[in-house]
Amino acid sequence: MATVTAVPAMKFPGGSFLIEERTPEDIFTPEDFTEQHLLIAQTAEEFALKEIVPNIEKMEHKDFAVTRELVRRAGELGLSGVDVPEQYGGMQMDKVTSAIIADRLAKYGGFSTTWGAHTCIGALPIVYFGTEEQKKKYLPGLATGQKVGAYALSESSSGSDALNCRTQAKLSTDGKHYLLNGEKMWITNAGFADVFTIFAKVDGEKFTAFLVERGFPGFSVGAEEHKMGIRGSSTCPLILNDCQVPVGNVLGEIGKGHHIAFNVLNVGRFKLGAACVGSARNCIETAIAYAKQRKAFGKVIADFGLIREKLANMAVGIFTGEAMAYRTVGMMDEVIAQLGSEHEDMKAVRKVIDEYAVECSILKVWGSEFIGTVVDEMVQIHGGYGFVEEYPAELSYRDSRINRIFEGTNEINRLIITGFLLKRAMSGQLPLMAAIKKLMDEVLSGTSEEVEDGPLATERKLVATAKKIGLFAAGVATQKYMQAIQDQQELMGAIADMTIETYAMESAVLRAQKLAARNGEAGSRHAIAMTRVYMTGALERIESAAKMVVAACSDGDMLRSQLAILRRLCKYEPFDTVALRQQIAQRVIETGKYVVA
Ligand SMILES: Cc1cc2nc3c(=O)[nH]c(=O)nc-3n(C[C@H](O)[C@H](O)[C@H](O)COP(=O)(O)OP(=O)(O)OC[C@H]3O[C@@H](n4cnc5c(N)ncnc54)[C@H](O)[C@@H]3O)c2cc1C
């Protein structure tokens, strides 16, 4: 029998970055990739370039035989079983590897979606919640890509509000089967998947997950949706008409389906964040190549400041996104590594991933919104050619839009970020309230804790400033509304935005610091430039969100004194982002791609 391993104490509890200082040694960055990480990155990259990209046209026209073959090839190359334990045919590698593969495969949204759904929400419910028998039966096929997985939570009347589903399950009179009745909607891979995790309410009440095979009596798949993007993926409804599911195919416990539904989404979210960064790396290459050859007014457009600014912004975001993504999975791996070989029952791994739910949601929101700006600017750089199908900008533009909708919409993820932090604060798990009180006292007494001098001292001070502004605004909002802040969605959203930006800018600064320690400040000038550009924008966004929160919570003299405090906190000299962007643009244009050094 598998043993349940206790989760070791978290060195960096989820969300604690808001109230604690971090050093560069505390975070994992792409510069820390091992030989093995680099090798798998290369394998994934080559597979994407040599096998996925040449088949885009076929997949866009829904030639799913090609898609299935590519899923099988990915499995053969060991790219699909990284999260599956070895005894069930997988590779059981670290989460950094999971993120690297998602990142490097992201050269075509249609296939990324298929592969992401298959390896993540398709297989992980069984990895984390399956019985020994279920794992033995289903995981080897899924890990090798012989079988394809899917996950069916959403319904036409309940997507975000998934627990409110209408699909019902009833035990058959002979007690051998559950009979499922209802319809699921927008199910990725439905057109060709073999195994589905389907959520239904037993006796109309107990939300439960079931493993359903394509051939089970009463199971059928509806017509393909006609979508704006990711047309190379399959999205169909499922129709369950007295669908007979053996009782042995109940996944997890009856009435506990919500644990399954939400846990695997965390993995989906960090992988989606990594994939968005990977996709941006491709977009910048396409955009640079076009900008270097397209002429206007007797010059190549790559010489124009307003085009260079766009290219620089893409590079800045990629640097920051990589820093956030690999920092997050690095934290998970550090704890998971301490579990040793005892973690067969996967409960402990699940708990570690759950711990970083807030960071996973941050990656999802930030990554999906970043790629949205990248594809938009890529279309703009292409001018009229950006708007026509022959050029790749149009496809990337359409494909990227879904990222803000699935794996929990960005609105829902913003509510998760603030909700999670507040819940932890209220329960005492995260001493957020104490940190807010300390800051308020500090602000009122006019004292402040100094950041030590040393490399990137200005940048580190600005990270500390960002944390203070966020805490101050959150303090004002929680003082006014207490628990009822949950109903103030705009404030919850603004607090989430400040949290996201703080995590992003701190990740970029720590990465630049790490690079500066290794290569010297001069040798890291591009990384430092990218960090400075990112943090300038982030601070403006944090300040603006904080003002909105304060203005919504106070008025009169109180508002005036709170705004004065904010002004004091926000007193800093801006970097010369025009010169910095020129420097960054020059470097990426010269090399034809995103580079750190
Ligand atoms: C291409 C594609 C593939 C998909 N793949 C899958 C899949 O494989 N499996 C699966 O189960 N589902 C899948 N989905 C469904 C997807 O997860 C849902 O569409 C998504 O969760 C949103 O649900 P909804 O469409 O019902 O929108 P709604 O929940 O109706 O939301 C509509 C709008 O209201 C907002 N909103 C909703 N509730 C709140 C709230 N409490 N506060 C503030 N704003 C709110 C939303 O953010 C959104 O902007 C897929 C969808 C698409 C389009």
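The model is predicted, so to speak of local features a pLDDT of at least 70 is needed, side-chain atom pairs count only at pLDDT 80 or more, and totals for chains, interfaces and linings use all residues. Residues are numbered from 1 along each chain as its sequence is written, and side-chain values use heavy atoms, with hydrogens and water left out.

**Around the ligand**

- The ligand has 20 residues around it, and those that come nearest are Ser154, Ser160, Trp186, Thr409 and Glu411; a residue belongs here if one of its heavy atoms lies within 4 Å of the ligand.
- By class, this shell holds 11 nonpolar, 7 polar and 2 charged residues. Nonpolar covers Ala, Val, Leu, Ile, Met, Phe, Trp, Tyr, Cys and Pro, charged covers Asp, Glu, Lys and Arg, and the others, Gly among them, are polar.
- A backbone N or O atom of Tyr151 sits 2.8 Å from a ligand nitrogen atom, and one of Leu153 sits 2.8 Å from a ligand oxygen atom.
- Trp186 also takes part, with a polar backbone atom 2.8 Å from a nitrogen atom of the ligand.
- Taken alone, the ligand exposes 970 Å², and the protein buries 68% of that (Shrake-Rupley method, 1.4 Å probe).
- Strand E1 (149–152), strand E3 (177–188) and helix H13 (410–427) each give two or more residues to the shell. Helices (H or I, at least four residues) and strands (E, at least two) are DSSP runs, numbered from the N terminus.

**The nonpolar core**

- The largest nonpolar core has 205 residues, and Tyr128, Leu180, Phe196, Phe210, Val212, Leu311 and Met505 touch the most other members. Such a core is a set of buried Ala, Val, Leu, Ile, Met, Phe, Trp, Tyr and Cys residues joined through side-chain atoms within 4.5 Å.
- Helix H8 (residues 257–293) supplies the largest share of this core, 17 residues.
- Leaving aside residues up to four places away in sequence, Phe210 touches residues including Tyr178, Leu180, Phe196 and Val245; contact means heavy atoms within 4.5 Å.

- Lys437 lies in helix H14 (residues 432–445) and is exposed, at 52% relative accessible area. Buried means under 20%, exposed over 50%, and partly exposed in between (1.4 Å probe, protein chains only).
- Lys437 and Gly475 are 38 residues apart in sequence and 7.8 Å apart in space, C-alpha to C-alpha.
- Thr478, in helix H15 (residues 457–481), counts as buried because its relative accessibility is 9%.
- Beyond four places in sequence, Thr478 touches Leu422, Met433, Ile436 and Ile485.

Conventions: Polar contact = N/O pair within 3.5 Å; in protein donor to acceptor, adjacent residues only side chain to side chain.
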